[in-house]
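Hi everyone, thanks for making time this morning. I'd like to walk you through one structure, so please have a look at it with me.

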Amino acid sequence: MSYVAIIITYVFISNFVLTQFLGMCPFLGVSKNVESAVGMGFAVTFVATMASLVTWMIQHYILVPLNIVFLQTVAFILVIAALVQIVEMVLQKFAPPLYKALGLFLPLMTTNCAILGVAVIAVRANYNALESFTAGFACGVGFLLAIFVMSTIRERIATEDIPKPFRGIPIAFIIAGLMAMSFMAFDKALLKNLIG
Amino acid sequence: MLTIIYAFISITLLGAILGTGLAIAGKYLAVKKDEKQYNLERALPGVNCGACGYPGCSQYAEAIMEGRTTELTLCNPGGPDTAAKLAEIMGVTVDLTQEKKVAQVHCCGGKDSVEYAFEYKGISDCNAAYGMYQGNKVCKYGCLGFGSCIGACPTEAISYDSHGLVHIDDNKCISCAKCVTVCPVGVIKMIPVSADYIVSCNSKDKGAATKKACKVGCIGCKICEKKSPEGGFRIENFLASIDYSVKGERSSAAEACPSKCILKNK
(Lines give C-alpha, C1' and ligand atoms only; values in the text may rest on other atoms or scores of the structure.)
Protein backbone atom coordinates (compact mmCIF):
# COMPACT_ATOMS: atom_id res chain seq x y z
CA MET A 1 0.00 0.00 0.00
CA SER A 2 1.44 3.33 -0.95
CA TYR A 3 1.93 6.03 1.62
CA VAL A 4 -0.46 8.40 -0.13
CA ALA A 5 -3.13 5.73 0.06
CA ILE A 6 -2.52 5.33 3.80
CA ILE A 7 -2.83 9.05 4.36
CA ILE A 8 -6.04 9.34 2.35
CA THR A 9 -7.46 6.29 4.09
CA TYR A 10 -6.94 7.55 7.62
CA VAL A 11 -7.68 11.21 7.02
CA PHE A 12 -10.84 10.80 4.95
CA ILE A 13 -12.10 7.30 4.29
CA SER A 14 -11.82 5.90 7.76
CA ASN A 15 -11.34 9.06 9.73
CA PHE A 16 -10.73 8.08 13.33
CA VAL A 17 -13.30 10.38 14.81
CA LEU A 18 -16.03 10.64 12.24
CA THR A 19 -16.02 7.18 10.72
CA GLN A 20 -14.60 4.94 13.42
CA PHE A 21 -15.91 6.99 16.35
CA LEU A 22 -12.70 6.76 18.34
CA GLY A 23 -11.51 9.60 20.55
CA MET A 24 -14.92 11.18 21.04
CA CYS A 25 -14.05 12.54 24.48
CA PRO A 26 -11.56 15.26 23.45
CA PHE A 27 -13.46 15.73 20.18
CA LEU A 28 -16.48 17.00 22.12
CA GLY A 29 -14.67 18.30 25.17
CA VAL A 30 -12.04 20.57 23.62
CA SER A 31 -13.88 21.73 20.52
CA LYS A 32 -15.47 24.82 22.03
CA ASN A 33 -12.89 27.20 20.60
CA VAL A 34 -10.62 26.90 17.61
CA GLU A 35 -7.38 27.73 19.38
CA SER A 36 -7.45 24.95 21.95
CA ALA A 37 -9.00 22.56 19.43
CA VAL A 38 -6.09 23.02 17.07
CA GLY A 39 -3.68 22.67 20.00
CA MET A 40 -5.32 19.42 21.00
CA GLY A 41 -5.23 18.30 17.36
CA PHE A 42 -1.49 18.86 17.15
CA ALA A 43 -0.90 17.18 20.50
CA VAL A 44 -2.87 14.13 19.35
CA THR A 45 -1.03 14.13 16.01
CA PHE A 46 2.32 14.19 17.76
CA VAL A 47 1.43 11.49 20.25
CA ALA A 48 -0.26 9.28 17.65
CA THR A 49 2.69 9.55 15.27
CA MET A 50 5.27 8.79 17.93
CA ALA A 51 3.11 6.11 19.51
CA SER A 52 2.51 4.22 16.29
CA LEU A 53 6.24 4.15 15.56
CA VAL A 54 7.26 3.13 19.06
CA THR A 55 4.51 0.56 19.38
CA TRP A 56 5.55 -0.91 16.04
CA MET A 57 9.06 -1.35 17.40
CA ILE A 58 7.74 -2.86 20.62
CA GLN A 59 5.51 -5.22 18.68
CA HIS A 60 8.19 -6.43 16.27
CA TYR A 61 11.28 -6.36 18.46
CA ILE A 62 9.86 -7.40 21.82
CA LEU A 63 6.40 -8.91 21.70
CA VAL A 64 6.65 -11.09 18.59
CA PRO A 65 10.18 -12.51 19.15
CA LEU A 66 9.37 -13.36 22.76
CA ASN A 67 5.99 -14.77 21.78
CA ILE A 68 4.10 -12.55 24.24
CA VAL A 69 1.75 -10.76 21.85
CA PHE A 70 -1.03 -11.11 24.43
CA LEU A 71 0.65 -8.27 26.35
CA GLN A 72 0.03 -5.93 23.43
CA THR A 73 -2.55 -3.73 25.15
CA VAL A 74 -0.57 -3.39 28.37
CA ALA A 75 2.69 -2.63 26.62
CA PHE A 76 1.10 -0.15 24.24
CA ILE A 77 -0.72 1.71 26.98
CA LEU A 78 2.51 1.91 28.96
CA VAL A 79 4.32 3.52 26.04
CA ILE A 80 1.44 5.87 25.22
CA ALA A 81 1.18 6.98 28.85
CA ALA A 82 4.87 7.83 28.96
CA LEU A 83 4.63 9.73 25.67
CA VAL A 84 1.65 11.73 26.86
CA GLN A 85 3.50 12.55 30.05
CA ILE A 86 6.41 13.91 28.05
CA VAL A 87 4.13 15.96 25.83
CA GLU A 88 2.49 17.33 28.97
CA MET A 89 5.83 18.35 30.47
CA VAL A 90 6.98 19.98 27.25
CA LEU A 91 3.73 21.92 26.91
CA GLN A 92 3.78 23.01 30.55
CA LYS A 93 7.30 24.29 30.09
CA PHE A 94 7.10 25.91 26.68
CA ALA A 95 3.42 26.67 26.07
CA PRO A 96 1.65 27.28 29.41
CA PRO A 97 -1.48 28.87 27.88
CA LEU A 98 -2.05 25.84 25.66
CA TYR A 99 -1.35 23.58 28.64
CA LYS A 100 -4.03 25.38 30.61
CA ALA A 101 -6.53 25.36 27.75
CA LEU A 102 -6.17 21.62 27.24
CA GLY A 103 -6.50 21.03 30.97
CA LEU A 104 -7.67 17.59 31.94
CA PHE A 105 -7.88 16.37 28.35
CA LEU A 106 -4.13 16.16 28.04
CA PRO A 107 -3.66 13.45 30.68
CA LEU A 108 -6.86 11.85 29.41
CA MET A 109 -5.12 11.37 26.08
CA THR A 110 -3.30 8.49 27.80
CA THR A 111 -6.39 6.39 27.43
CA ASN A 112 -7.57 8.01 24.23
CA CYS A 113 -8.82 5.14 22.13
CA ALA A 114 -7.83 6.90 18.90
CA ILE A 115 -4.18 6.63 19.82
CA LEU A 116 -4.34 3.08 21.10
CA GLY A 117 -6.60 2.40 18.10
CA VAL A 118 -4.09 3.53 15.50
CA ALA A 119 -1.34 1.52 17.16
CA VAL A 120 -3.44 -1.63 17.18
CA ILE A 121 -4.84 -1.07 13.69
CA ALA A 122 -1.37 -0.47 12.26
CA VAL A 123 -0.14 -3.71 13.81
CA ARG A 124 -3.15 -5.70 12.55
CA ALA A 125 -2.73 -4.33 9.03
CA ASN A 126 0.84 -5.67 8.98
CA TYR A 127 2.39 -2.33 8.14
CA ASN A 128 6.13 -1.86 8.13
CA ALA A 129 7.72 0.76 10.38
CA LEU A 130 7.40 3.66 7.98
CA GLU A 131 3.83 2.71 7.06
CA SER A 132 2.92 2.60 10.75
CA PHE A 133 4.50 5.98 11.22
CA THR A 134 2.49 7.33 8.28
CA ALA A 135 -0.72 5.78 9.59
CA GLY A 136 -0.17 7.39 13.00
CA PHE A 137 0.51 10.73 11.42
CA ALA A 138 -2.54 10.44 9.15
CA CYS A 139 -4.69 9.46 12.12
CA GLY A 140 -3.56 12.59 13.93
CA VAL A 141 -4.21 14.75 10.88
CA GLY A 142 -7.66 13.22 10.54
CA PHE A 143 -8.36 14.04 14.17
CA LEU A 144 -7.00 17.56 13.68
CA LEU A 145 -9.22 18.06 10.63
CA ALA A 146 -12.31 16.78 12.42
CA ILE A 147 -11.78 18.77 15.61
CA PHE A 148 -10.88 21.92 13.68
CA VAL A 149 -14.04 21.78 11.56
CA MET A 150 -16.09 20.93 14.64
CA SER A 151 -14.69 23.85 16.63
CA THR A 152 -15.35 26.39 13.88
CA ILE A 153 -18.94 25.20 13.64
CA ARG A 154 -19.35 25.31 17.40
CA GLU A 155 -17.89 28.80 17.61
CA ARG A 156 -20.49 29.97 15.13
CA ILE A 157 -23.30 28.12 16.77
CA ALA A 158 -22.46 29.59 20.19
CA THR A 159 -24.02 32.88 19.14
CA GLU A 160 -27.08 31.39 17.47
CA ASP A 161 -30.47 31.15 19.06
CA ILE A 162 -30.77 27.42 19.61
CA PRO A 163 -33.86 25.85 21.21
CA LYS A 164 -33.16 25.37 24.89
CA PRO A 165 -33.10 21.56 25.06
CA PHE A 166 -30.44 21.42 22.34
CA ARG A 167 -28.00 23.93 23.79
CA GLY A 168 -24.47 22.83 24.64
CA ILE A 169 -23.61 19.17 24.30
CA PRO A 170 -26.81 17.96 22.53
CA ILE A 171 -26.31 20.24 19.53
CA ALA A 172 -22.64 19.24 19.49
CA PHE A 173 -23.66 15.60 19.17
CA ILE A 174 -26.05 16.46 16.36
CA ILE A 175 -23.29 18.35 14.55
CA ALA A 176 -20.94 15.41 15.05
CA GLY A 177 -23.56 13.09 13.60
CA LEU A 178 -24.08 15.28 10.53
CA MET A 179 -20.34 15.56 10.02
CA ALA A 180 -19.99 11.81 10.29
CA MET A 181 -22.71 11.40 7.67
CA SER A 182 -20.90 13.73 5.30
CA PHE A 183 -17.70 11.75 5.78
CA MET A 184 -19.56 8.66 4.61
CA ALA A 185 -19.19 10.18 1.15
CA PHE A 186 -15.55 9.14 1.17
CA ASP A 187 -15.28 5.43 0.54
CA LYS A 188 -12.90 2.91 -0.93
CA ALA A 189 -13.99 3.91 -4.44
CA LEU A 190 -12.23 7.22 -3.93
CA LEU A 191 -8.98 5.41 -3.34
CA LYS A 192 -9.45 3.30 -6.48
CA ASN A 193 -10.21 6.31 -8.66
CA LEU A 194 -7.32 8.33 -7.30
CA ILE A 195 -4.60 5.72 -7.16
CA GLY A 196 -5.92 2.82 -9.14
CA MET B 1 6.68 -21.05 32.10
CA LEU B 2 9.23 -19.28 29.91
CA THR B 3 6.47 -17.07 28.57
CA ILE B 4 5.61 -15.85 32.06
CA ILE B 5 9.24 -14.97 32.74
CA TYR B 6 9.55 -13.19 29.40
CA ALA B 7 6.33 -11.30 30.02
CA PHE B 8 7.42 -10.32 33.51
CA ILE B 9 10.89 -9.22 32.48
CA SER B 10 9.87 -7.33 29.36
CA ILE B 11 7.09 -5.33 30.99
CA THR B 12 9.25 -4.57 34.04
CA LEU B 13 12.12 -3.43 31.86
CA LEU B 14 9.84 -1.37 29.66
CA GLY B 15 8.31 0.28 32.71
CA ALA B 16 11.71 0.90 34.26
CA ILE B 17 13.17 2.44 31.11
CA LEU B 18 10.16 4.68 30.50
CA GLY B 19 10.04 5.63 34.18
CA THR B 20 13.70 6.61 34.24
CA GLY B 21 13.25 8.55 31.03
CA LEU B 22 10.34 10.44 32.53
CA ALA B 23 12.25 11.13 35.73
CA ILE B 24 15.13 12.63 33.76
CA ALA B 25 12.75 14.60 31.56
CA GLY B 26 10.97 15.77 34.71
CA LYS B 27 14.23 17.20 36.05
CA TYR B 28 14.99 19.11 32.86
CA LEU B 29 11.47 20.27 32.14
CA ALA B 30 10.42 21.09 35.69
CA VAL B 31 8.34 24.23 36.03
CA LYS B 32 9.05 26.16 39.19
CA LYS B 33 5.93 26.59 41.25
CA ASP B 34 5.61 29.47 43.65
CA GLU B 35 6.09 28.23 47.20
CA LYS B 36 3.18 30.31 48.38
CA GLN B 37 0.87 28.76 45.83
CA TYR B 38 2.16 25.32 46.79
CA ASN B 39 1.33 26.07 50.43
CA LEU B 40 -2.13 27.31 49.47
CA GLU B 41 -2.72 24.09 47.56
CA ARG B 42 -1.55 22.08 50.54
CA ALA B 43 -3.90 23.99 52.86
CA LEU B 44 -6.92 23.13 50.73
CA PRO B 45 -8.57 19.74 51.30
CA GLY B 46 -7.80 18.44 47.82
CA VAL B 47 -11.16 16.76 47.19
CA ASN B 48 -11.62 18.86 44.03
CA CYS B 49 -15.36 19.10 44.68
CA GLY B 50 -15.81 22.42 42.90
CA ALA B 51 -17.90 24.03 45.64
CA CYS B 52 -15.72 27.15 45.49
CA GLY B 53 -16.67 27.71 41.86
CA TYR B 54 -13.28 26.67 40.46
CA PRO B 55 -12.72 23.32 38.77
CA GLY B 56 -10.49 22.09 41.57
CA CYS B 57 -8.35 22.98 44.55
CA SER B 58 -5.24 23.91 42.57
CA GLN B 59 -7.23 26.30 40.38
CA TYR B 60 -8.68 27.97 43.47
CA ALA B 61 -5.18 28.31 44.93
CA GLU B 62 -4.04 29.81 41.65
CA ALA B 63 -6.93 32.28 41.62
CA ILE B 64 -6.07 33.42 45.14
CA MET B 65 -2.42 33.68 44.21
CA GLU B 66 -3.05 35.77 41.12
CA GLY B 67 -5.45 38.00 43.00
CA ARG B 68 -8.42 37.05 40.86
CA THR B 69 -10.38 36.43 44.05
CA THR B 70 -9.99 37.84 47.51
CA GLU B 71 -12.57 35.49 48.98
CA LEU B 72 -10.79 33.01 51.21
CA THR B 73 -13.91 31.40 52.67
CA LEU B 74 -15.16 29.80 49.47
CA CYS B 75 -13.98 26.34 50.47
CA ASN B 76 -16.97 24.70 52.12
CA PRO B 77 -15.46 21.27 52.78
CA GLY B 78 -12.49 22.84 54.56
CA GLY B 79 -14.67 25.19 56.57
CA PRO B 80 -13.26 27.81 58.91
CA ASP B 81 -10.04 25.88 59.55
CA THR B 82 -9.02 26.00 55.92
CA ALA B 83 -10.05 29.63 55.60
CA ALA B 84 -7.85 30.45 58.60
CA LYS B 85 -4.90 28.62 57.06
CA LEU B 86 -5.37 30.38 53.73
CA ALA B 87 -5.57 33.72 55.50
CA GLU B 88 -2.37 32.96 57.38
CA ILE B 89 -0.51 32.15 54.18
CA MET B 90 -1.79 35.25 52.43
CA GLY B 91 -1.20 37.37 55.51
CA VAL B 92 -4.71 38.73 55.87
CA THR B 93 -7.53 38.26 58.35
CA VAL B 94 -10.93 36.84 57.48
CA ASP B 95 -14.29 36.83 59.15
CA LEU B 96 -14.90 33.27 60.28
CA THR B 97 -18.24 33.71 62.01
CA GLN B 98 -20.16 32.01 59.21
CA GLU B 99 -21.69 28.79 60.39
CA LYS B 100 -21.28 25.58 58.46
CA LYS B 101 -24.26 24.76 56.30
CA VAL B 102 -25.40 21.29 55.42
CA ALA B 103 -27.76 20.00 52.77
CA GLN B 104 -31.01 18.37 53.80
CA VAL B 105 -33.95 16.90 51.94
CA HIS B 106 -37.12 18.84 52.68
CA CYS B 107 -39.66 16.10 52.07
CA CYS B 108 -41.00 13.29 54.25
CA GLY B 109 -43.56 11.94 51.81
CA GLY B 110 -42.44 8.32 51.64
CA LYS B 111 -44.04 5.37 49.88
CA ASP B 112 -46.91 4.99 52.33
CA SER B 113 -47.94 8.61 52.63
CA VAL B 114 -48.04 9.95 49.05
CA GLU B 115 -50.28 9.42 46.04
CA TYR B 116 -48.68 8.37 42.78
CA ALA B 117 -49.89 9.76 39.46
CA PHE B 118 -48.55 6.86 37.39
CA GLU B 119 -46.16 3.98 37.55
CA TYR B 120 -42.67 4.94 36.40
CA LYS B 121 -40.66 2.18 34.79
CA GLY B 122 -37.91 4.21 33.12
CA ILE B 123 -34.28 4.77 34.02
CA SER B 124 -33.79 4.94 37.77
CA ASP B 125 -32.61 8.52 37.78
CA CYS B 126 -34.36 11.59 39.18
CA ASN B 127 -33.61 13.80 36.19
CA ALA B 128 -34.94 11.19 33.77
CA ALA B 129 -38.07 10.72 35.88
CA TYR B 130 -38.56 14.45 36.24
CA GLY B 131 -38.44 14.77 32.44
CA MET B 132 -41.63 12.73 32.34
CA TYR B 133 -44.47 14.88 33.69
CA GLN B 134 -42.21 16.08 36.51
CA GLY B 135 -42.05 12.70 38.16
CA ASN B 136 -44.45 9.97 39.15
CA LYS B 137 -45.77 11.51 42.36
CA VAL B 138 -48.92 13.62 42.37
CA CYS B 139 -46.96 16.20 44.36
CA LYS B 140 -44.54 17.93 42.01
CA TYR B 141 -42.39 19.35 44.79
CA GLY B 142 -41.37 16.20 46.64
CA CYS B 143 -38.35 13.93 46.66
CA LEU B 144 -38.57 11.51 43.73
CA GLY B 145 -36.41 8.97 45.51
CA PHE B 146 -34.38 7.70 42.56
CA GLY B 147 -31.21 8.75 44.31
CA SER B 148 -29.45 10.99 41.76
CA CYS B 149 -28.06 12.93 44.70
CA ILE B 150 -26.57 9.75 46.16
CA GLY B 151 -24.48 9.38 43.04
CA ALA B 152 -23.50 13.05 43.06
CA CYS B 153 -22.34 13.14 46.68
CA PRO B 154 -18.54 12.99 46.91
CA THR B 155 -18.54 11.82 50.52
CA GLU B 156 -21.35 9.22 50.53
CA ALA B 157 -23.28 11.27 53.06
CA ILE B 158 -26.62 10.51 51.42
CA SER B 159 -28.51 7.28 51.89
CA TYR B 160 -32.02 5.90 51.61
CA ASP B 161 -34.22 5.74 54.69
CA SER B 162 -36.87 3.09 55.30
CA HIS B 163 -39.55 5.04 53.39
CA GLY B 164 -37.67 5.13 50.08
CA LEU B 165 -36.61 8.72 50.58
CA VAL B 166 -33.10 10.01 50.95
CA HIS B 167 -31.53 11.35 54.10
CA ILE B 168 -28.32 13.35 54.40
CA ASP B 169 -25.93 12.67 57.26
CA ASP B 170 -24.80 16.11 58.37
CA ASN B 171 -21.64 14.72 59.95
CA LYS B 172 -20.47 13.52 56.56
CA CYS B 173 -21.83 16.47 54.55
CA ILE B 174 -19.08 18.81 53.37
CA SER B 175 -21.50 21.50 52.12
CA CYS B 176 -20.39 21.25 48.51
CA ALA B 177 -24.04 21.62 47.40
CA LYS B 178 -23.57 19.16 44.55
CA CYS B 179 -26.80 17.40 45.51
CA VAL B 180 -28.63 20.74 45.46
CA THR B 181 -27.52 21.23 41.85
CA VAL B 182 -28.27 17.72 40.67
CA CYS B 183 -31.76 17.50 42.21
CA PRO B 184 -34.27 18.42 39.48
CA VAL B 185 -37.03 19.19 41.98
CA GLY B 186 -35.07 21.52 44.23
CA VAL B 187 -36.16 19.67 47.34
CA ILE B 188 -32.66 19.69 48.82
CA LYS B 189 -31.85 22.93 50.59
CA MET B 190 -28.90 24.16 52.61
CA ILE B 191 -29.60 24.70 56.32
CA PRO B 192 -27.32 25.62 59.22
CA VAL B 193 -25.77 22.58 60.87
CA SER B 194 -27.27 23.65 64.21
CA ALA B 195 -30.86 23.59 62.92
CA ASP B 196 -33.04 21.83 65.52
CA TYR B 197 -36.20 21.42 63.44
CA ILE B 198 -36.88 21.35 59.72
CA VAL B 199 -40.09 21.81 57.78
CA SER B 200 -39.91 18.58 55.86
CA CYS B 201 -42.08 19.65 52.95
CA ASN B 202 -41.51 21.58 49.77
CA SER B 203 -45.05 21.76 48.39
CA LYS B 204 -46.19 25.18 47.24
CA ASP B 205 -49.63 23.89 46.28
CA LYS B 206 -52.72 25.11 48.11
CA GLY B 207 -53.66 23.25 51.26
CA ALA B 208 -56.39 21.12 49.74
CA ALA B 209 -54.25 20.06 46.79
CA THR B 210 -51.34 19.20 49.07
CA LYS B 211 -53.57 17.17 51.33
CA LYS B 212 -54.90 15.13 48.39
CA ALA B 213 -51.40 14.39 47.15
CA CYS B 214 -49.67 13.62 50.41
CA LYS B 215 -50.55 12.76 53.99
CA VAL B 216 -47.57 14.56 55.47
CA GLY B 217 -47.47 17.72 53.36
CA CYS B 218 -47.49 21.27 54.70
CA ILE B 219 -50.91 22.75 54.04
CA GLY B 220 -49.99 26.27 55.06
CA CYS B 221 -52.37 26.33 58.03
CA LYS B 222 -50.22 28.76 60.04
CA ILE B 223 -50.64 26.78 63.26
CA CYS B 224 -46.85 26.67 63.68
CA GLU B 225 -46.72 30.46 63.44
CA LYS B 226 -49.26 30.74 66.23
CA LYS B 227 -47.95 27.98 68.50
CA SER B 228 -44.33 29.08 68.39
CA PRO B 229 -44.35 32.79 67.70
CA GLU B 230 -40.69 32.95 68.72
CA GLY B 231 -39.67 30.09 66.42
CA GLY B 232 -39.19 32.13 63.26
CA PHE B 233 -41.85 30.27 61.28
CA ARG B 234 -43.06 31.97 58.14
CA ILE B 235 -45.74 30.86 55.67
CA GLU B 236 -45.19 31.72 52.07
CA ASN B 237 -46.91 30.13 49.07
CA PHE B 238 -48.76 27.75 51.39
CA LEU B 239 -45.46 26.44 52.72
CA ALA B 240 -43.92 27.00 56.13
CA SER B 241 -40.26 27.80 56.39
CA ILE B 242 -37.99 28.47 59.34
CA ASP B 243 -35.79 31.51 59.68
CA TYR B 244 -32.82 29.96 61.43
CA SER B 245 -31.39 33.32 62.51
CA VAL B 246 -34.24 33.44 65.02
CA LYS B 247 -33.39 31.25 67.99
CA GLY B 248 -36.74 30.57 69.68
CA GLU B 249 -38.39 27.36 70.82
CA ARG B 250 -39.97 25.33 68.04
CA SER B 251 -41.06 22.13 69.77
CA SER B 252 -44.68 23.15 70.45
CA ALA B 253 -45.15 24.03 66.80
CA ALA B 254 -43.75 20.66 65.80
CA GLU B 255 -46.17 18.94 68.15
CA ALA B 256 -49.16 20.94 66.96
CA CYS B 257 -48.49 20.58 63.23
CA PRO B 258 -51.59 18.75 61.88
CA SER B 259 -49.74 16.94 59.12
CA LYS B 260 -46.65 16.30 61.27
CA CYS B 261 -44.20 17.64 58.74
CA ILE B 262 -42.13 19.71 61.17
CA LEU B 263 -39.50 17.20 62.14
CA LYS B 264 -36.67 17.13 64.60
CA ASN B 265 -33.41 17.41 62.66
CA LYS B 266 -31.36 14.33 63.48
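Let me start with a question: what share of the contacts in chain B with a separation of 6 or more comes from residues 24 or more positions apart? The answer is 57%. Before I go on, please keep in mind that this is a predicted model.

Staying with chain B, you can count ten helices and eight strands there. Chain B has 266 residues, and 33% of them are buried.

Now to where the two chains meet. On the chain B side, 14 residues are in contact, and they touch 16 residues of chain A. If you sort that chain B side by class, you get nine nonpolar and five polar residues, with no charged ones.

Let's move over to chain A and look at a pair of helices. Helix α3 of chain A covers residues 34-63, and its partner, helix α7 of chain A, covers residues 113-124. Their axes are 9 Å apart and the packing angle is about 40 degrees. Because of that angle, α3(A) counts as oblique to α7(A). As for handedness, α3(A) and α7(A) cross in a right-handed way.

Who makes this contact? From α3(A), the residues include Val44(A), Val47(A), Ala48(A) and Trp56(A). From α7(A), among them are Ile115(A), Val118(A) and Val123(A). Taken by class, the contact of α3(A) with α7(A) has eleven nonpolar residues and three polar ones, and no charged residues. Ser52(A), Thr55(A) and Gln59(A) of α3(A) also take part in it.

That's my tour, and I'm happy to go back to any part of it.

Notes: Residues are numbered from 1 along each chain as its sequence is written. Chains are lettered from A and ligands numbered from 1 in the order in which they are written. This is a predicted model: local features need pLDDT of at least 70, side-chain atom pairs count only at pLDDT 80 or more; totals for chains, interfaces and linings use all residues. Two residues are in contact if their C-beta atoms, placed from the backbone, lie within 7 Å. Ala, Val, Leu, Ile, Met, Phe, Trp, Tyr, Cys and Pro count as nonpolar, Asp, Glu, Lys and Arg as charged, and the others, Gly among them, as polar. Helices (H or I, at least four residues) and strands (E, at least two) are DSSP runs, numbered from the N terminus. A residue is buried if 20 or more other C-beta atoms lie within 10 Å of its own, exposed if 12 or fewer, and partly exposed in between; C-beta atoms are placed from the backbone. Axes are lines fitted to C-alpha atoms, for helices over the stretch in contact, and angles run from 0 to 180 degrees between N-to-C directions. Angles under 35 degrees count as roughly parallel, over 145 as roughly antiparallel, 65 to 115 as roughly perpendicular and the rest as oblique. A crossing is left-handed if the near helix is turned anticlockwise from the far one by less than a right angle, and right-handed if clockwise.
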